[in-house]
Amino acid sequence: MQSVATETRTNREVPRKSARVSGIDLALRAIEVRRQVIEFARSYPDMPFHLGGSLSCAEIMAVLLSGVMHTGVDGTPWERRDRLVLSKGHASLALWPALVQAGLLTQEDLDRGMLGPGAVIGKQPKRNVAHGIELSGGSLGMGLGYAVGLALAARRKGLASRVFCVMGDGECDEGSVWEAASFAGHNSLGSLVAVIDANGLQLDGPTAQVLDSGPLSAKFAAFGFDVQVVDGHDVEALAGVLSLHSERPLAVIAHTVKGKGLSFAENDVKWHDRCLDDDGYRRAVAELEAARKEVLANAE
Amino acid sequence: MLSEGLRVCGLDAKVVFGETMARIAKNDPLLTVVVSDYGRRLNLDVMREELPSAFVQCGIAEQSQVEVASALANEGFHVLAPSYATFITSRVLDQVRVMLGMMRSPVILVGLSAGCEAGALGASHMALEDIACVRTIPGVTVVCPADNVELASALEELAAEPRPAYVRVSQYATDMCIHAQGVQRAFGKAEVLRGGADAQVAILSTGPLTGEALRAAEHLSQEGVETSAIEFAVVKPLDTEALDALVGKRLVVTVEDHGVQGGFGSAVAEYLSGVEGAPRVLRLGMPDEYLDADTPQHLLECVGLTAEGIAAHVKAALA
């Protein structure tokens, strides 16, 4: 492989995949992601899962993998595929069903469970590129730097791949996030998209009280990013902003609700990580079914 | 070969790093050097001319450096990430755990001015814990070349077959050019610099104090304590066959310009603790404290890491 000068730019027009997956479908897929998140918790009733931050990013995951990204199993050449780096690895419960929807994982992969050497999925991701899992673990603040490296590799290879990095707003406390953001801005990594699942809560409480990250949009703008602020539960809006790209890296600040979809968990820091009991499971199933029917009713 | 070896040994190790990168760049378009504002001193101009995109600047940001380097390595590039030894190891240890350990990203970290080399700057810039930090990460190869010929050889070997690795570079005014004729043994194998089988004492060394260890072995032998000198350029994975062969010695001595806790000596002691009939191990290195800023030579003299000091430590241990 010959190297490609870093100055090379390609003004590319990446078609929005949501032209093929409708907004209704994306909304239903997000609900299905939540449904599967609940099933994972049900399968391991004694294990506290990071339900709040998994539920908040269900639309982000579904829209990225089914509506925006060229996954490499959708006719895109594998090397040219877009990459997804889940930096907030605790939200992997939402990643697994979205990868199944995109055809990068199978139900059999899920059925192997989350523990032990035979598992493909887990409470935290384990790098497995063939399944679209780019980064291991959930040590916060490492994903954006890794995504920057992936974007740089694509540039050097002359590939038009885009790299999406999903982070938490609490995660932006980590200094390494800003080392990576500096690099991305300085090098005009236009193929990089940082998606902030801004659910406003972290382990110790409201992000604004723990360590106020202030206006993340102004911070990313100051680091050389284009910034889009969006309702992170609006699949059409998400698909729209995630398909934008320019010569500069893009930060999408997606305002979300932690625990979204489970009325008893929404905006409650206790549901950062918690076991789901029988009663909680039944309520969750009923509420998600009602949400699904509402989407279908609105479609008619 | 000899004159070229002596020329290389006489250079600053950072200059040798750049010369080696320039040589690799001629044949390897995948070569990549990711730096954190420590590029200017690394003599990289020729490499950058040969392969402009091989140079990646992260600024003073070692966390980003390791993350970016790991992604590039996993995308198929042959990546080296040099910085001050303490900053590319202990400062970014979690990145090293996740990226090089768990993910097995084939990045070659290069720790410069390790040991006491940066002694004049004081403890913040001296890397005396770096081997200890990195060798606890599963799957990371740890290399401490004794001289610049061995440094160049190790860098070429690793760049040709990238793997998660840490190359520790330190250099002192009194270093001996051990490999002026080139590196003869296979990568990872210990090298017997002074025999032999009838020695009562074996001095094992890693890094640039290997010359002092060899001189100490010569002194001791002249004084009637027959002593062998064996260099372990690769601290991990350790050449355990060479250690097995030490059963029956009266004393094994380890020498390194690293803290006595957790470094090469600890690795040797850990292994020998499980070997039936293994000899006693005397670990020589930097003490368990942060020393005040001083010249490298004075620091090494103070703790007895010179040929004379090592010989004195050995005689005291045998008394």
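Predicted model: local features only at pLDDT ≥ 70, side-chain atom pairs only at ≥ 80, totals over all residues.
The contact between the chains involves 26 residues of chain A and 28 residues of chain B. About 2300 Å² is buried between chain A and chain B, with 61% of this area on carbon and sulfur atoms. On the chain A side, A:Met142, A:Arg156 and A:Glu179 contribute 29% of the area buried against chain B, more than any other three residues.

Two salt bridges are counted between chain A and chain B. A salt bridge joins the side chains of A:Arg83 and B:Glu75, with an N to O distance of 2.8 Å. Ten residue pairs are in polar contact across the interface of chain A and chain B, both residues of each pair being at pLDDT 80 or more. In chain A, helix 6 (143-157) and helix 7 (175-186) are the elements that give two or more residues to the side touching chain B. Helix 6 of chain A gives the most to this side, with nine residues. By class, the side of chain A that touches chain B comprises eleven nonpolar, nine polar and six charged residues.

Within chain B, domain 1 spans residues 2-168 and domain 2 spans residues 191-318. The centres of domain 1 and domain 2 of chain B, taken over C-alpha atoms, are separated by 26 Å. Each domain places residues in the contact, 30 from domain 1 of chain B and 30 from domain 2 of chain B. The two domains of chain B bury about 2000 Å² between them, and 56% of that area lies on carbon and sulfur atoms. In domain 1 of chain B, the residues that lose the most area to domain 2 are B:Cys116, B:Leu128 and B:Arg135, which together account for 31% of what that side buries.

Between domain 1 and domain 2 of chain B, two salt bridges are counted. A salt bridge links B:Asp257 to B:Arg168, and the closest N and O atoms of this pair are 2.8 Å apart. The interface of the two domains of chain B also holds 18 residue pairs in polar contact, with both residues at pLDDT 80 or more. At least two residues each of the domain 1 side that touches domain 2 come from helix 6 (130-135) and strand 5 (141-143) of chain B. Helix 6 of chain B gives the most to this side, with four residues. The side of domain 1 of chain B that touches domain 2 has 18 nonpolar, six polar and six charged residues.

Definitions and conventions:
Residues numbered from 1 in each chain as written. Chains lettered and ligands numbered in written order. Heavy atoms only, no water. Domains from an automatic or database assignment. Contact = heavy atoms within 4.5 Å. Buried area = accessible area lost by both parts, 1.4 Å probe. Salt bridge = Lys/Arg side-chain N within 4 Å of Asp/Glu carboxyl O. Polar contact = N/O pair within 3.5 Å; in protein donor to acceptor, adjacent residues only side chain to side chain. Nonpolar A, V, L, I, M, F, W, Y, C, P; charged D, E, K, R; others polar.
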